Amino acid sequence: MEIEELREKFLKLNFDEAEFHVDGDDIVGFARACGETASRYTDANDPDFQAPPTFPARFHGRRMLPRDIPLEGKIPLDAGKAVMPRKVIRAGTRLVGKSYLNEIYEKTGRSGRMIFLVSRMELFDEADDLACIVDSRMVVRERPRE
Amino acid sequence: MILDLHSHSVVSDDGRAKVRNYCQWIRKKELPIDGFVLTEHRQFDDASDYSGLAREFDLTILKASEVETEYGHVLVFGVTPALVGAFDFTDIALPLARVLEQSERHGAVAVPCHPGRTRVGMCAHVETRGIPDGVRIVEVYNGGSRGSEDEAAQALATAQGYQGIGGSDAHIVSHIGRCATRFPAPVGTEGALVEALRAGEFEAMSWKSKN
């Protein structure tokens, strides 16, 4: 896999769009699973009830990567997530998530060369305001040459 | 003065520690180091300014880089804008000879790190590529290396007459200060660090089993 070729062909191009409905019960369940105790996250009757900042990490589009990305049969592993909240998200909101590859880079480690793919989903609310950005980092390991 | 010469903050893609949290940890745990050097992966973090944190915690915080070569990973101390332009820091297959040559030309010092590690350390490549010219210092204590990997690094240094430094290679807060380097005089700037390394008066230290 040539890194420059991947960048040229796939960076910054939308490959997926999906719609999500923010459900109050899901917010409460997510918050409790995370160990949240603040009532604005765990009590739907709280006047400031809202999703915890990391809540959008649970949203997944129809595809995690572009359909024709050449991974040579390798399965990418989860290499972490980053959530960048831009607006408070409340129950009942409808969000549209648009995904594209924001970064493609390589590094070397004890196991050899690794290619990192950072899929970014930008979530827009009904006003078309950017509500949140979620980066999903995936790593593809190259089989080391012995 | 004791400095941890190898650490990563959240600026590195795999770093999970904020610089403030390193400072807090060093003071809370009363670690016997006077500061640390941020050696972010495949880049030089010119933008961040840690002078306020350095004053607040009375610590020396310096910046350097960790780049990747055909001989494994290499720390570069004394990075300047001109050196950043001299080769592509993001390239994972830089020729070590070029990194050494350009570092020397731009007043920096290049130090192969964790040389005992598989694939990303110099020892793994010496057998097939030979001993590279121009290396004077290697990292003999690395906080992320296994005992046998540090032993291999020390054996290489002894065999080749290299001097040795120590660094934690911390990516998380609790790993800072596991290994470090003692200098006989204060080192307060990147330039002073380069001078001290060139002067050759330093000693690698490890507290791996204690932290």
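Before we start clicking, one term: two residues are in contact when their C-beta atoms, placed from the backbone, lie within 7 Å. Keep in mind, too, that you're looking at a predicted model.

Start by selecting chain B. Of its contacts with a separation of 6 or more, 75% are between residues 24 or more positions apart. Colour by secondary structure and you'll find seven helices and nine strands. The radius of gyration of chain B is 16 Å, close to the 17 Å that the globule rule gives for 211 residues, so chain B is as compact as a globular protein of that length. Its C-alpha atoms fill a box of roughly 45 × 40 × 30 Å along the principal axes, and 49% of the 211 residues are buried.

Next, pick out the open sheet of seven strands in chain B. Reading across, the order is β5-β4-β3-β2-β1-β8-β9, with mixed pairing. Its edges are β5 (109-112) and β9 (203-206) of chain B, each pairing on one side only. On average, neighbouring strands here are turned by 30° against each other, direction ignored.

Zoom in on β8 (residues 179-182) of chain B: four bridges join this strand to β9(B), and the two run antiparallel.

Now select helix α7 (residues 190-199) of chain B. This helix lies across β3 (60-69), β4 (72-77) and β5 of chain B, at about 115° to β4(B).

Notes:
Residues are numbered from 1 along each chain as its sequence is written. Chains are lettered from A and ligands numbered from 1 in the order in which they are written. This is a predicted model: local features need pLDDT of at least 70, side-chain atom pairs count only at pLDDT 80 or more; totals for chains, interfaces and linings use all residues. The radius of gyration is taken over C-alpha atoms; the globule rule is 2.2 Å times the number of residues to the power 0.38. A residue is buried if 20 or more other C-beta atoms lie within 10 Å of its own, exposed if 12 or fewer, and partly exposed in between; C-beta atoms are placed from the backbone. Two strands pair if DSSP finds at least two bridges between them. Axes are lines fitted to C-alpha atoms, for helices over the stretch in contact, and angles run from 0 to 180 degrees between N-to-C directions.
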